[in-house]
Amino acid sequence: MSSNGWVDTLLHALGIALALAAAGYACIALWAVMKGLRKTRRVPLPAGSPQPVSVLKPLHGAEPRLYENLRSFCLQTHPDYQLVFGVRDPDDPAIAVVERLRRQFPQRSIALAIDPRLHGANFKVSNLLNMLPHAQHDLLVLADADIYVEPDYLARVTAPLADPGVGIVTCLYYGIPGPSLWSRLGRLFIDDWFAPSVRLSNTFGSTRFAFGSTIALRRDALETIGGFEALRDMLADDFWLGELTRRAGLRTVLSEVVVGTDVSESNLKDLYSHELRWLRTIRSIAPAGFAMTFVCFTSPLLLLGLLLAPGPISAALALLGGAARVLLHFLQRRISHQAFAWHEVLLIPLRDALLLMEWATALAGWQVRWRGQVLHARGDGSAP
């Protein structure tokens with residue numbers, strides 16, 4: 001066989017392999033999400049009276065929908081809980097939102113910590129350190145400012161902590177987009193790529209994750225790992241909070257609760273920067289797994305497979321993978337209880353292609369930008 005023949009054969013085999021990998025991942029991810037949805041339907045509300053809880057909400061600025069998101073925490077059916085909000089700047093506009101909630105919900109126990117002290121490179125962890133003395137209860141729930149929850153959220157996410165072998169409980173989340181195209185693409189990053197990948201790894205037994213959307217834990221578990229002080233220089237503080245409890249021999253539970261998170265980017269630059277920070281952080285945590293993440297980007301891989309190996313096999317794989325990818329998209333809309341937007345199907349190839357570009361960019365460096373800071377995704381999180 002001539003050298004050209006060998007090259008053609010290798011390219012054809014590569015095309016089939018890429019199409020098979022992309023279609024296979026899309027089908028397995030769809031199965032994992034369907035399995036997670038069935039689990040959510042089966043879990044009843046916990047019986048008995050839940051233990052008192054302190055909810056810690058670090059704030060920074062007047063984010064879009066801040067009032068609506070914080071208000072959802074004031075509407076919990078849990079019988080005994082406290083809200084602790086924290087800001088670093090005494091002129092932070094989030095303070096006005098907290099005061100509005102205090103007036104609207106006088107029956108709620110709401111504390112506000114205004115403290116500019118820094119304890120390390122991570123400003124959010126410094127905020128949590130300043131807030132913790134205001135927490136009255138031994139069950140703690142940490143949740144980012146842009147999280148929206150349903151009324152039974154607190155009762156559900158804290159229930160597994162009755163087991164002393166549980167270290168943290170964490171939640172997946174869905175995107176709540178703004179009006180811009182870029183915001184909707186950002187929602188697809190969360191719903192169509194990130195959440196299914198976590199579902200898939202969890203289905204196969206992995207619990208090596210923790211998300212800022214929710215981390216519920218007991219105070220004694222926090223003290224076991226050295227408190228928030230252990231995280232003060234970590235960029236991925238949510239992940240490391242879970243990782244340190246796992247190293248202490250405690251289990252991580254992925255709750256059946258799925259919460260909402262705002263996706264407010266209004267331009268490509270902000271969206272790309274935000275997602276690049278996420279991807280480089282994931283790369284720092286799991287470099288080997290991240291190197292293989294390209295198989296998750298269904299549309300460009302199926303197209304490349306068709307170009308390299310045109311024929312019935314690659315065409316069948318493209319149809320199978322494309323159908324699974326579209327079904328996954330609509331199943332995620334169902335999980336988030338958001339209205340179907342049929343035209344968003346047209347965004348799927350663009351979303352997958354953008355993810356592939358971001359993945360390649362993430363491989364080329366470690367610098368990330370977060371809340372005005374320039375940080376290094378690998379190592380202790382300090383500025384490079």
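These legends walk through an overall view and several close-ups of one predicted model.

The model is predicted, so local features are taken only where pLDDT is at least 70 and side-chain atom pairs only at pLDDT 80 or more, while totals for chains, interfaces and linings use all residues. Residues are numbered from 1 along each chain as its sequence is written, and side-chain values use heavy atoms, with hydrogens and water left out.

Figure 1. Helices (H or I, at least four residues) and strands (E, at least two) are DSSP runs, numbered from the N terminus. Along its principal axes, the C-alpha trace spans about 80 × 45 × 45 Å. Of the 384 residues, 52% are buried; buried means under 20% relative accessible area, exposed means over 50%, and partly exposed is in between (1.4 Å probe, protein chains only). Take the contacts (heavy atoms within 4.5 Å) with a separation of 6 or more: 79% of them come from residues 24 or more positions apart.

**Figure 2. Here is helix α8, residues 237-247, and what comes just after.** Which residues of α8 are buried? They are Asp-237, Phe-239, Leu-241, Gly-242, Glu-243, Thr-245 and Arg-246. Just past the helix, Gly-249 takes a positive phi of about 90°.

**Figure 3. Arg-65 sits in the loop between β1 (53-58) and α2 (66-74).** What's the phi of Arg-65 near? It's near 60°, a positive value in a residue other than glycine. Arg-65 is partly exposed, at a relative accessible area of 33%.

**Figure 4. Two cysteines, Cys-27 and Cys-171, in a structure with zero disulfides.** A disulfide is a covalent bond between the sulfur atoms of two cysteines. Here one is counted when a pair of cysteine sulfur atoms lies within 2.5 Å. Cys-171 is in no disulfide either, and its nearest cysteine sulfur, that of Cys-74, is 18 Å away. As for cover, Cys-27 is partly exposed, with a relative accessible area of 27%, whereas Cys-171 is buried at 0% relative accessibility.

**Figure 5. Gln-332 in helix α12, residues 312-335.** Is Gln-332 buried or exposed? At 6% relative accessibility, Gln-332 counts as buried. Leave out residues up to four places away in sequence, and Gln-332 touches Val-33, Asp-191, Asp-192, Ala-195 and Pro-196.

**Figure 6. Pro-151 in the loop between β5 (147-148) and α5 (153-158).** Pro-151 and Phe-73 are 78 residues apart in sequence, yet from C-alpha to C-alpha they're 7.6 Å apart in space. Setting aside its neighbours within four places in sequence, Pro-151 is in contact with Leu-75, Gln-76 and Thr-77. Pro-151 is partly exposed, with a relative accessible area of 36%.

**Figure 7. Arg-103 in helix α3, residues 94-104.** How does Arg-103 sit, buried or exposed? Arg-103 is exposed, with a relative accessible area of 63%. Pro-90 is 13 residues from Arg-103 in sequence, and the two C-alpha atoms are 19 Å apart in space.

**Figure 8. Pro-349 in helix α13, residues 348-362.** This proline is partly exposed, at 44% relative accessible area. Pro-349 and Leu-303 are 46 residues apart along the chain, and 9.8 Å separates their C-alpha atoms.
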